[in-house]
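Open the model in your viewer and keep the selection panel at hand. The stops below each give something to select and say what is there.

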Amino acid sequence: MKNKLLRLTTTLFFFTLLSVDFAFAQGRAISGKVTSKEEGGALPGVSVLVKGTTNGTITNTDGNYQLNVPDNATLVFSFIGFTSQEVAVGNRTTVDVALLPDAKALSEVVVIGYGTQTKRAVTGSVASVGYDKFKDRSFSNVTQALAGELPGVNITQAQGAPGQSPIIRIRGISSITAGTNPLYVVDGLPMENFNLNNINPQDIESVEVLKDASSAAIYGSRGANGVVIITTKLGKVGKTSINASYEFGQQEVTRKIDLMDAQQFVNYYVDAHNNAWTASGPGRLASDPNSVRPTQFRIPEDFVTNPQQFGKGTDWQDVMYRTAPSHNTQLSVSGGTDKTQFLFSGAYLNQEAVLDRNYYKRLSLRTNIKQTISEKIAIGVNLAFTGIYDRTDGTQGKSDVVSLGVQSDPIFPVYNELGNLGFKDPNSTWYRFATYTDLQLWHPYSLTREIAKQNKSFNTMGTAYLEYNIIKDLKFRTSINGNLYNTRYNAYQNKDMKFGYSSALAARGDVNNSFMLNWLTENTLTYDRHFGSHGVTALVGYTAQKQRDEYSSVTAGNFPNDLVQTLNAGTVNGGTSLASEWSMLSYLARVNYNFLDRYFLTGTIRRDGSSRFGTNTKWGYFPSVSAGWLVSDENFLKNVTLINNLKLRASYGVAGNNQIPNYGPIGLLGNQNYVYGNNLANGLNVTNIANQDLKWEKTTQLNFGVDVGLLSNRLNLTAEVYSSTTNDLLLFVPVPDLTGFSTQLTNIGKMRNRGFEFGLNSRNLVGNFNWTTDFNLSVNRNKVLQLGPGNAPIVYTDFVVTVKTEVGQPLSNYYGYVFDGVYKNQAEIDASPHDPTTTPGDPIVRDVNGDGKITEADRTTIGNYQPNFTSGLTNSFSYKGVELSFMLQGSFGGEIANQLIRYNGIWNGGRNAYAEVANYWKSESEPGDGKHFKPTVAPKGLQEKFSSYWVEDGSFVRIKNVRVSYALPSNLLTRLPVKSARIFLNAENVHLFSKYLNYDPENTTYPATTYSPTATSASGIPSGTMLGVDYGSYPVPRIVTLGARFEF
Amino acid sequence: MNKIKRIIAIGCLSVMAFGCKEDFLELAPISNSNANNFYKTREDFDLASNAAYATLYTVYAPESSVSYTEQLSDNATLYNVAGIQADRWAFKDYSLRTSNVEVYRFWQENYRALFSINIVLDKIETASVDEAYKEQVKAQMRFLRGLYYFNMVQLWGDLPLVTKPLSAEESYKVLRSPVADVYKLITEDLEYAAEKLPLASAITAPGKASKGAAQTLLGKVYLTQKNKTAAAQILQEVVNSKQYELLPSYASLWVVTNKNTKESIFEIQYKGGAGNPYSNYWTAFAPTENFVLTQFGGGMNQVTDDLYNEYEPGDPRRDASISTGYTNKVGTFIPIKFPIKWMDRTAQVVGGRELSNNNFMVLRYADVLLMLAEATGDANFLNQVRTRAGLPAFGAAGYPTDKYPTLELAIEHERRVELALEFHRWFDLKRTDRALPVLTAKGKAVTPQKLLIPIPEIVRQQNPAIAQNEGY
C-alpha cells in the first residue's frame, strides 16, 4: 500500500516536471532590448510577461531579455514610472521596445479611504509613499522611515529605544487637551493610537497620509489630526515570486552627554558645600572642619585629603551603553492568477538595544488572499500575526535608567571590592560615603541586571471582505475587521538590588496583563460610471465599530530569596483589574465628479455617533468639498512644451477629534476609603464634574495646492497653503478650586494652524547615470485664538518646567525668568534690581517689567518648541546597478526645555553635572564663563526656578540616512535559481549637528497626549502640552545595516 | 427590474445585519460607579460620608498645611529633602511667594475636602432617608467643615466661603468673606454638631466625631476669638461629661497599638498594611536617606534644638517625642533630631515604604485641660498635665519660675512640650498674640503680615477679583 502510494507520488512528480519542460520546449526563443523612449537609455528590471500566463522574465542591467514564447504570443512590458506596453510578437525573434515614461505618473493609484483615486483626480492634500521608498531602511515602524520625507508631516523620534514609535504631527498641533496622534487605518480598520510596530514594514505596499481636513473628513470625528493609511501587499498577477532577505545591523550611541569627571565633581561638591556653609552665618570659613559643621554642610574627608584616588572616575554612559547587533530575516511568497492573488510573508527581527540587557524581538506572519469566485463576486482575507518580546528601559525620563545614569556621581567604581554595585553596600569600604546623604548613585546595572523584566505582546489583525458587482458599475463591499491585542509584563526586582540603587529596596514582583479587542463592520456601495465627458464615482457606506479594553495587575513582596521569581514565592500585596469600552456608528457618502477628466469636484459627508460624548451631543456631521483643475490639459497650454503638467487644487472640510477618556462626559465616582477603629469602611467620592454637552473638537481647514511638472517632468513641484481652525477645543478648563476640582472637561476655545508646504523632485541627470534630488520644506504657524472663561491662560508646571498657553500666542510657550549671566561682584549687584538674597556668583535675573524689583511678575515667555520651519533633502544617484542616496533633515528655530538642568545643570542633592557647569563662578577673580552660577547646597534665591538657563536652541541638521545598494548583474545570476539579487548598506542617524546638551533635540519625555482606554478622567497635565521638554531621554543610536535581498 | 430588487435586498440586508440600535452608543462605565444614580439611599450616604472622613488623610497628612505650621513656628525645620527645595524651605524662612506650589496644594486639598463634605450636606437635604439619620450625617459633616474652616481661617484669614457644591460659573462669584463671617459659619457648624452628636461612649464606629469633639473644638474657636467665658463654659462641659481622662503615662499615648484611648477626643484612624489606608507620619518625619529607620525618609519637621531644649530636666515627654539621631548601617551615629511620636518599627514594608498603623490625634484631653487653664486662669488644670509628666506643679517648689514667671508663660511652655509636633504650636502663638515676639527673638524674619500665608497666585489668575493678603 505504502509502496503504491510512493510510486504514484513519484510518477506524478515526474509528470509535473515533464509537463513543465514540455511547455518550454513548445515555444520559441525571442530576445530584445527595452529602452526609455525619452532618454534612450537601457531599462533594467523591466518585467516582460507573456500575456495571460505566468511565463515571464526581467530585463538585465543592459536592458536585454530572453524568453521562450508560444505562437501568437503578446508580450506585456511593465515598469514602475513607465506606461505598460503590449506588443504582439508575430513572427519576430527580436522584439525591442521603447517605454514611455508615465505622464507624471498621473495614473498612479492613491488610496484615499473607502476607495482609491488616480493621482490625476486627487483634489485634497494626500501624500503617498510606495514600498520602494522605504524598502532598504532599517526600522520596525514604517513611519520612522518617512521622517523628513513628507512636507507637512512632522515625524520625530522622541525615544531611541527599539520599538518606540515616533511622534507624528500632521500640519501642526490642533489640540491642547485631546490626543494629537493621527488616526491609523490599516487595511481599512481605523485605529486610534495604534502601534505600527505591529505591521512589518516589508509587508506594506503603500502609506498614504491624508493631510487636509477635506481628505480626512471621510473619517469624520477622528480625522482632525490627519490620517495615516497603511495598505498591505497583495501578489500581482504573474509568476510567483519568492523574496528573501537578511540584514545585519550595528547600533551605537555616537553622541554622548558631556558630564563632569570625578575630579571636576569633587571640586563642584566641595564648593557647593563651602558656599552654603560660609553663607549660613557670619564667621564661617570654607576651611572649617566637619566637626563644627551641621550634617548638610559636611564634606567627605577623601575629597579634601586625597581626591586624586578617584582619577577620572566612571562615566556611567560607558557602563550602560554598548554596541548592539540586530538581525532581520524576511521571506515572502507572492503571486497570482486572474482569479487568485496571494501573499504569504514571515519575518523575524532580533534586535539588541544599545542599553544594557535591553532587546526587541519580533515575529511577524501575514497571509493576504483574494479570490474571484465569479464575474460578480470576489472575496478576500488578510490575516496577520505579530508577536513581540522586548525589554525596554530608559524611556521614561526622570527616574528611569538613562536619566539616573546621567545623574550618578562619577567617583564610584562600576564594581566595589566585593563585586557588588554600589557604595550603599554595608560591607564595603565604600560605605564610608553612605553617611553623606548628598552623594548619588543609581547604578545602571541595579536597574538592568538586578531587575528582570519582559514585555510580551501579541497582535492579531484580520480583515475579511466580499465584493459584489451588483450590476455593471455598481459594487457592494462588505467587510469585517478585527484586531486582538494582548500584552503581558513580568518583572522581578532582586532584594537590595545589590546595593547599587539609592536605597536598599525589598524584593518585588509584578505581573500586568492587558487585552484589547476591536471590531469593525463596514458596508459600502460604490457607483462608478462615465457618461460621455462626465465621470461620476459615488460612495455610500455604513460602519459600526466597538472596542473593549481590559487591564489587570498583581504585585507581590516578601520573597524569601531571589531564587523563585514568580509571584507564588512571595506574598501578593496589591492588584487591580479594570475594563473600558467605546463604540461608534457612522454613515458616510462621497461623490467624485469629473468633466473631461480635467475638472474635478469631490464632496463628502460623514455622520458619526460615539459613546464617548454627552447624551445631548452624541452625533456630529463632518462635510467637505474640494475641486481640482488640470490646467495643462487645456488647449491653451497644450503647445507650451515647458509645462507638461499643471494642476490647481482647492479644498475645504471639517474633521473632528474624539480623543478624550472613554467616559469623559459622565460624573464618575472613585473609591476613597476610611477606617473606623480596625474596620475598613468603603467610601465613594465624585472624581470629576459631569458634562453632558461634551462633543468633538472640530477642525475646519482650507487648502490650496498646485502641482507643476516642467521640462518633460524632469522637474516636479508641489506647493500647498492651508489654514485650519479648531473650534470647540476639548479643554480641561482650569476651574476655581472652590468647586472641589481643578479642571472641567469642556468644549471651549479655538486654535489656528496656518502653513505652507513645498515639495520638489528633480531628475537632474538621466541616462546611464541618474541623479535625483528631492527637497521639501514645511512651515506651520500655530496660534491660540480663544481659551476658557475670561481667556485665562492655561499654565502647566511639571517638575519646575512651566508651559503657558495664552490667547494670541502659540501653544505651550516656556514661561519663566530670564537669566542674564552671573553677578561678578557686589558692585554689579548693587547697580541693578536684584532679589534680596543675591550674593556675588548668583544669577543675574532680568527685571522684565522694569519695576526695580525681582518678583514673580518678571517671568515671561522664554521660548517655544515649535520650529519656524522644517526641511528635508535627499539626493540619489544611480549608475547601472549601483545606487547611492543620502538624506539631510533639518529643523530650524524652535527651542527645547532641558528638564535635566534641574539635576545636571544646577546643584541638586549631589547629582553629577554637565562638564560645562564646571566653569561656574568661583570668586571675583575666577568668574568662570559668565553663564554658570556658583553651586550651593542651600540656594536662597531663584537659582532653581525655571528660567532661560533651562532653554536651549532646538535647531538641528541631521544626516538622517545614507544608503548604497548594488544589484548584481543578471548575467552573473543566470546559472543560479535567482531572478535578482541586491546587496545594500544603510546607515541611519549618521550625524547630528546640534548644540543641545543632551542626546538629541528630537528627544522629549512627554509623548503626544493619549488617553489610556482605562483612564477614567484626566485632570493631570496632558503630556502633549509639555512640548519639547526633555527629562533625560533614551538616545537615538546610529544604526548601520548590511543586507542582501534575493528574488527567486 | 431584477437588478433594482437586488440592490434593495442588499441594502436592507446590510442595515438589518448591522443597523444597530441607538443603545449601541450608550455605554456605562465598567470600572467606576456613575454619579448620576448615587446619593439616594442610606447606603449611598454611608459611602459618601466615609469618603468625607477620608479627606482627613490629606488635610492632616504629614506634608499638609497644618503640618507645615510646625516649621512656621520654632518647633521644626527642614534640611536637605528630595524635590523642589526652595518652596518647602520658604515656610521656616518666612520667604513664601505667591507661586509657592505647596501653598497652592494646601488650597486645593482644603477646598477639595470641603466639596466632599458639602456634597453630602447638599444631597441629603432632599434624599428620602429618615430624619434621625439625616441629622447624624449632617452633624458629622458640619463638624468636619468647622474643623477645616478653622484651620483655613488661621492660615489665610479672609476666605471664600463655600457651603454647597458650586458650578464653575457660580464659583467665580464667591469672593473672600471677612474673618468674622468665617468664624460665624464655624461656630454655627460646631454648635450644631455639639448639639446633635452623641457622647463618645455612644459612638460605635471609633473615629466618628462625638459631642465632646465638637465641644472641644468649639472651645478652641471661642478661645481664638478671645471669648474666654464661652470657652471656659463649653470646655468645662467636656470635663463634666466624664468621657475623657489623661492616660497615666505620656509614653503610652504613642504606642502604635494604643488607639482611641480615654485621652483621645478626635483621632484620625489609620490601618497599617497593604491595601489599607495606612499612615505615613513615621516615614515622612524620619530623616532623609537614613536607610536604617525607614526605607525612605521624608525629612519633614525635623526638630529644632530650641524645642529640644525647652523641656525641663527630667521631663519624660522629651524622649517620648524626639530622637537625637540614629546609628547608620556601619555603626556611625548620625546626630539629627526628629519626631518619634508616630514611630512604627513593625510596619509592613511594601514597594519600598512602610505602611504604618499609627493613628493621629487631632484633639486630646491634655489640650482641653490646658485650654481650660488659659480660659479660666486656674493653674489646677495646667498642673494635672504636669503631674502626669511627673513634674512639679506651677507655683510649687522646683517649678522653673524664673523662666516662666506668669501663668500665661507657663501655659505657653506647657502646651509647647505637651503637644509638641502635633500641629498646635504656631496656632497657639498666634492665638495668644505671642507669635511676633517669640519668633522674632529666635531670628525668624516674621512680620505681622507674614502671619498669614499668601493666596496662591493661580487662584488670583483665575479670578482676579479675589484679593491678595497684604505683604504678598
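Begin with chain A and colour its domains, whose bounds come from an automatic or database domain assignment. Domain 1 covers 21-101, domain 2 covers 105-235, and domain 3 is made of 815-868 + 875-1047. Between the C-alpha centres of domain 1 and domain 2 of chain A there are 36 Å.

This is a predicted model, in which local features need pLDDT of at least 70 and side-chain atom pairs count only at pLDDT 80 or more, while totals for chains, interfaces and linings use all residues. Residues are numbered from 1 along each chain as its sequence is written, and chains are lettered from A and ligands numbered from 1 in the order in which they are written.

Next, select residues 119-227 of chain A. An unreviewed UniProt entry places "domain: TonB-dependent receptor plug" there; UniProt positions are given in the numbering used here, feature names are shortened, and annotations may be inferred rather than shown by experiment. The span is 7% helix and 27% strand, and its end C-alpha atoms lie 18 Å apart. Helices (H or I, at least four residues) and strands (E, at least two) are DSSP runs, numbered from the N terminus.

Now go to an open sheet of four strands in chain A, with the order β40-β41-β42-β45 and antiparallel pairing. Two strands pair if DSSP finds at least two bridges between them. Why does one side of β40 (794-798) and of β45 (860-864) of chain A have no neighbour in the sheet? These two strands stand at the edges and each has a single partner strand, so one side of each is left without a neighbour. From one strand to the next, the twist averages 35 degrees. Inside the sheet, select β41 (residues 801-805) and β42 (residues 813-816) of chain A, which run antiparallel and are joined by two bridges. Here A:Val803 stands opposite A:Tyr814.

Show both chains together. In all, 74 residues of chain A are in contact with 83 residues of chain B, where contact means that the C-beta atoms, placed from the backbone, lie within 7 Å. On the side of chain A that touches chain B, strand β26 (residues 571-595) gives the most, with nine residues. That side has 35 nonpolar, 32 polar and seven charged residues. Ala, Val, Leu, Ile, Met, Phe, Trp, Tyr, Cys and Pro count as nonpolar, Asp, Glu, Lys and Arg as charged, and the others, Gly among them, as polar. Strand pairing also links the chains: β30 (residues 668-671) of chain A and β1 (residues 33-34) of chain B run antiparallel, joined by two bridges. A:Leu668 has B:Asn34 as its bridge partner.

Ten residues of domain 1 of chain B are in contact with eleven residues of domain 2 of chain B.

For the last stop, select β7 (residues 322-327) and β8 (residues 333-339) of chain B, an antiparallel pair joined by five bridges. B:Tyr326 in this pair has B:Ile334 as its bridge partner. The two strands form a hairpin with five residues between them, and B:Gly331 in the turn has a positive phi of about 90 degrees.

Key:
Axes are lines fitted to C-alpha atoms, for helices over the stretch in contact, and angles run from 0 to 180 degrees between N-to-C directions. Two residues are in contact if their C-beta atoms, placed from the backbone, lie within 7 Å.
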